[in-house]
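Here's a quick briefing on charge pairs and helix packing. Have a look at the structure first, then go through the points below.

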Amino acid sequence: MNLPNKLTVARIIAVPFFIIMFLTEHYFLALIIFILASLTDLLDGKIARARNLVTNFGKIMDPLADKILVYSAFCLLVADESHLVPAWMFAVILAREFLVAGMRTVAASEGIVIAADMSGKIKTVLQMIAVPLLILVKATGDPVYSLPSDGMPSNPTNWIALLGQVFLWGALIMTVISGGEYVIKNKALFKEK
């Protein structure tokens, strides 16, 4: 197993530790684990391309590792009393992922590997920025985010929460766009032969 693939596997291994730290309310440790795991996503791709170590394993497992990490965080944030991630938003994000996963499965059965495209990568980056910001809100001890009636946050925690929401909405928009692109680019998979 080459180094980029080891980094991908390390990202998956980090997830249970992240979940345990979040559930035991060690939010700063959860935040550190999430950020370090997210950085392995940047490293594995750069190393794989620079050293010509791109593999089918990496093409499939790298985006899967991202999803395991990010969607574990989303599950925790949806279930949390702070309501920083609305359940409906996570449902839309998951629907796109199931659609793309289904398409990749059909493509794989025909010997085709569908790698992540640029809009999907942008979506992932936006999610990997939104999640730490939202975890940071939890880490500051302010349990509930609320925007004051005048529309301007009054304390740093609310500014962080607002920024997290901006990135979360950006990720949602890119989720819909990238899902549409996958369908359009791979519409031949829907045709019966």
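In this predicted model, aspartate 80 and lysine 138 form a salt bridge, with 2.9 Å between the closest N and O atoms. Aspartate 80 sits in the loop between H3 and helix H4 (87-109) and lysine 138 in helix H5, so the pair ties together parts that are 58 residues apart in sequence. Both ends are out of the solvent's way by the numbers: aspartate 80 is buried at a relative accessible area of 9%, and lysine 138 is buried at 7%.

**Other salt bridges**

- Searching the whole structure turns up ten salt bridges.
- Glutamate 97 pairs with lysine 123, and their closest N and O atoms are 3.0 Å apart.
- That pair ties together parts 26 residues apart in sequence, since glutamate 97 lies in helix H4 and lysine 123 in helix H5.
- Glutamate 97 and lysine 123 are both buried.
- Lysine 185 bridges to aspartate 117, with the closest N and O atoms 3.7 Å apart.
- Here the link is between distant parts of the chain, 68 residues apart: lysine 185 belongs to helix H6 (residues 156-185) and aspartate 117 to the loop between H4 and H5.

**H1 against H2**

- Helix H1 (residues 3-23) packs on helix H2 (residues 27-50) at an angle of about 170°, their axes being 9 Å apart.
- That angle makes H1 roughly antiparallel to H2.
- The H1 and H2 crossing is left-handed.
- Residues making the contact include Leu7, Arg11, Phe17 and Phe18 of H1 and Ile33, Phe34, Asp41 and Asp44 of H2.
- Sorted by class, the contact has 17 nonpolar, two polar and three charged residues.

**H3 against H5**

- Helix H3 (residues 56-79) and helix H5 (residues 118-139) cross at roughly 40°, and their axes come within 10 Å.
- H3 and H5 are therefore oblique to each other.
- This crossing of H3 and H5 is left-handed too.
- Among the contact residues are Asp66, Val70, Phe74 and Leu77 of H3, and Lys123, Gln127, Met128 and Val131 of H5.

Definitions and conventions
Residues numbered from 1 in each chain as written. Predicted model: local features only at pLDDT ≥ 70, side-chain atom pairs only at ≥ 80, totals over all residues. Heavy atoms only, no water. Axes fitted to C-alpha atoms, helices over the stretch in contact; angles between N-to-C directions. Helix = DSSP H or I, 4+ residues; strand = E, 2+ residues; numbered from the N terminus. Parallel < 35°, antiparallel > 145°, perpendicular 65-115°, else oblique. Left-handed = near helix turned anticlockwise from the far one by under 90°. Contact = heavy atoms within 4.5 Å. Nonpolar A, V, L, I, M, F, W, Y, C, P; charged D, E, K, R; others polar. Salt bridge = Lys/Arg side-chain N within 4 Å of Asp/Glu carboxyl O. Buried < 20%, exposed > 50% of the residue type's maximum accessible area, 1.4 Å probe, protein only.
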